[in-house]
Amino acid sequence: LDDGSLGLSFVLLGDTLAMLRGAVVHAELTGMPALALAKRYADHTGAQRALGFAAVNALTRHLFDRSRYEPPAAGGSIGDLGLQPGDHLGMIGLFPPLVRQVLATGARLTVVELRADLAGPRDGWHVTLDAGELSHCNKILSTSTVLLNDTLDAVLERCRHAERVALIGPGASCLPDPLFARGVTLLGGSWVVDGD
């Protein structure tokens, strides 16, 4: 935005990245009001939706800065979930770097994935294609990509019983209140300190 506020978005869904690299997109965006671009998050798909989502995140940052609000620092990618023995974490999408951290807490781990080649048992945890297994988990960790790929509603429906539902990733910096009202309890996004 004009004040330097930045918004991030996941761009590796489908052909989003290739479309964003095209010259047509850049020419179309020059001088576009941020609210008009943000509306594309609701009204479009693919690259236009990702751009709209980035605009929503930039506007959120702008509002946070104007109100002098700075979210508290996260205790790590899983730290704020307070995992302990007896917990069962449902991870939506495999985050390989987090598996060891989760298992070190003594919690059980079930990963729900879309990729069939990743499914199967592991040493002390498993990957499944069956989202119904989330109903056995008391804590949920999901990438914020669910905000872009039209799976948020299905995820929240499967997780309505969970004590905690966390969305993490660079795109999880959007206005939190609508997500909190729908059952998300934690957001872990990115806070850009120096845009340059």
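The legends below describe close-up views of a predicted model.

Residues are numbered from 1 along each chain as its sequence is written. Because the model is predicted, local features are described at pLDDT of at least 70 and side-chain atom pairs at pLDDT 80 or more, whereas totals for chains, interfaces and linings use all residues, and side-chain values rest on heavy atoms, with hydrogens and water left out.

**View 1. Helices α3 and α4 pack against each other.** Helix α3 spans residues 34–43 and helix α4 residues 46–66; helices (H or I, at least four residues) and strands (E, at least two) are DSSP runs, numbered from the N terminus. The two helices pack at an angle of about 125°, with axes 6 Å apart, where axes are lines fitted to C-alpha atoms, for helices over the stretch in contact, and angles run from 0 to 180 degrees between N-to-C directions. That angle makes α3 oblique to α4 (under 35 degrees counts as roughly parallel, over 145 as roughly antiparallel, 65 to 115 as roughly perpendicular and the rest as oblique). On the α3 side the contact (heavy atoms within 4.5 Å) is made by Ala34, Leu35, Leu37, Ala38, Arg40 and Tyr41, while the α4 residues taking part include Phe53, Val56 and Leu59.

View 2. Leu37, Ala38 and Arg40 are the buried residues of α3, buried meaning under 20% relative accessible area, exposed over 50% and partly exposed in between (1.4 Å probe, protein chains only). These residues cover an arc of only 135° around the axis, which puts them on the same side of α3; the arc is that of the directions from the helix axis to the C-beta atoms. Leu35, Lys39 and Ala42 are exposed on the other side of α3.

**View 3. Two aromatic pairs are found in the whole structure.** Rings of Phe, Tyr and Trp (its six-membered ring) pair if their centres lie within 6.5 Å, and planes under 30 degrees apart count as stacked, over 60 as edge-to-face and the rest as tilted. Tyr41 and Phe53 form a tilted pair, with 5.0 Å centre to centre and 35° between the planes. Tyr41 lies in α3 and Phe53 in α4, so this pair ties together parts that are twelve residues apart in sequence; Phe53 is buried, at 2% relative accessibility. Phe64 and Tyr69 form an edge-to-face pair, with 4.9 Å centre to centre and 70° between the planes. Within this pair Phe64 is buried at 15% relative accessibility, whereas Tyr69 is partly exposed at 38%.

View 4. Leaving aside residues up to four places away in sequence, Thr60 touches Ser173, Cys174 and Leu175.

**View 5. Helix α5 packs its buried residues against strands.** In α5 (residues 96–104) the buried residues are Leu98, Val99 and Val102. Seen down the axis, they fall within an arc of 115°, so they line one face of the helix. They pack against β1 (88–92), β2 (108–112), β5 (139–143) and β6 (164–168), while the face turned away from this buried side carries the exposed residues Pro97, Arg100 and Ala104. Just after α5, Gly106 takes a positive phi of about 90°.

View 6. Arg68 is in the loop between α4 and β1, and its phi is near 60°, a positive value in a residue other than glycine; Arg68 is exposed, with a relative accessible area of 79%. Asp150 is found in the loop between β5 and α6 (152–158), with a positive phi near 60° and a relative accessible area of 60%, which counts as exposed.
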